[in-house]
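Subject: Structure for your review

Dear colleague,

Please find the structure below, followed by an account of what was found in it. I would be grateful if you would read the two side by side.

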Amino acid sequence: DSQMQLQIDRALFRAAKETHDEVRIAKYGEALLAADPNDISLLEDTAKAMNSFGDPKLSAKALDYGKKFETLVRQDRQRPETDTANEDAKQQLEQSRRLGSALLIQADATGIPGNFKAAAGLARKSFEHFAQADAARSTGRWLAKLGDYDGAIPYYADACALADTAE
């Protein structure tokens, strides 16, 4: 019966992702992570959804998931090289994207309860690992919360210039 429940939760999770339903992504993602705590894509999607509410309690969970996600991504970097340089490049790009995402999750989860300085540092690291609009926007957000508007402006400009990964 628990296998059937997992299949149902997995289907509901996929449907929630397709409709961008953050509440259900968080709910079903958490249920699925209880069964498989090392699923990298579940960790990423669930943590992002939890951060989207701006709730410090949920961001504490998102922070834990973000740290676990980072650990798994860093372990995955130890994988042997593939057969072709093209596959190696794709693998490295995906690992950089995931590491940037893990750091961004941690940045937002750290900033939501009010630790803006640490959040800005993590968001900046995220942007350095993988330059994406979300990371630039987050860096600008946390720098602005610190009152560093001059520091935030270039990141907001980058956020406008880069492709938005959320779409």
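In which hand does α1 pass α2, left-handed or right-handed? The crossing of α1 past α2 is left-handed. Please note that this is a predicted model, and that every value below was computed from it.

**The α1 and α2 pair**

The axes of α1 and α2 lie 9 Å apart, and the two helices pack at an angle of about 145°. On the α1 side the contact is made by L6, D9, R10, L12, F13, A16 and K17, and on the α2 side by R24, I25, Y28, G29, A31, L32 and A35. Sorted by class, these residues of the contact of α1 with α2 comprise nine nonpolar, one polar and four charged.

As a distance for orientation, L6 and Q106 are 100 residues apart in sequence, and their C-alpha atoms are 27 Å apart in space.

The loop between α1 and α2 contains H20. The phi angle of H20 is near 55°, which is a positive value in a residue other than glycine. With a relative accessibility of 58%, H20 counts as exposed.

**D45 in α3**

D45 is placed in helix α3, which covers residues 40-51. Is D45 buried or exposed? Its relative accessible area is 17%, so D45 is buried. Apart from neighbours within four places in sequence, D45 is in contact with F13, K17 and I25.

**The nonpolar core**

The largest nonpolar core consists of 39 residues, and F13, L43, Y65, F69 and W142 are those with the most contacts inside it. Which helices supply at least two residues each of this core? They are α1 (2-18), α2 (22-35), α3, α4 (56-76), α5 (85-111), α6 (116-129), α7 and α8. For Y65, not counting residues up to four places away in sequence, the residues touched are E30, L33, L43, T46, A47 and M50.

K57 and Y149 are 92 residues apart along the chain, and 28 Å separates their C-alpha atoms.

Two packed helices are described by the angle between their axes and the distance between the axes. For helix α7 (residues 133-145) and helix α8 (residues 149-161), the axes come within 8 Å and cross at roughly 160°. These two helices are therefore roughly antiparallel to each other, a term that applies to angles over 145 degrees. The crossing of α7 past α8 is left-handed. From α7, the residues A133, A136, R137, T139, G140, R141, L143 and A144 meet Y149, G151, A152, Y155, Y156, D158 and A159 in α8. The contact of α7 with α8 has, by class, nine nonpolar, three polar and three charged residues.

How do α5 and α7 pack, and at what angle? Their axes are 10 Å apart, at an angle of about 25°. That makes α5 roughly parallel to α7. Here too the crossing, of α5 past α7, is left-handed. L104, A107, D108 and G111 of α5 make this contact with D134, A135, S138, R141 and W142 of α7. In the contact of α5 with α7, four residues are nonpolar, two polar and three charged.

D134, which lies in helix α7, is buried, with a relative accessible area of 18%. Along the chain D134 and S41 are 93 residues apart, while their C-alpha atoms are separated by 17 Å.

With kind regards

Technical notes
Residues are numbered from 1 along each chain as its sequence is written. This is a predicted model: local features need pLDDT of at least 70, side-chain atom pairs count only at pLDDT 80 or more; totals for chains, interfaces and linings use all residues. Side-chain values use heavy atoms; hydrogens and water are left out. Axes are lines fitted to C-alpha atoms, for helices over the stretch in contact, and angles run from 0 to 180 degrees between N-to-C directions. Helices (H or I, at least four residues) and strands (E, at least two) are DSSP runs, numbered from the N terminus. Angles under 35 degrees count as roughly parallel, over 145 as roughly antiparallel, 65 to 115 as roughly perpendicular and the rest as oblique. A crossing is left-handed if the near helix is turned anticlockwise from the far one by less than a right angle, and right-handed if clockwise. Contact means heavy atoms within 4.5 Å. Ala, Val, Leu, Ile, Met, Phe, Trp, Tyr, Cys and Pro count as nonpolar, Asp, Glu, Lys and Arg as charged, and the others, Gly among them, as polar. Buried means under 20% relative accessible area, exposed over 50%, partly exposed in between (1.4 Å probe, protein chains only). A nonpolar core is a set of buried Ala, Val, Leu, Ile, Met, Phe, Trp, Tyr and Cys residues joined through side-chain atoms within 4.5 Å.
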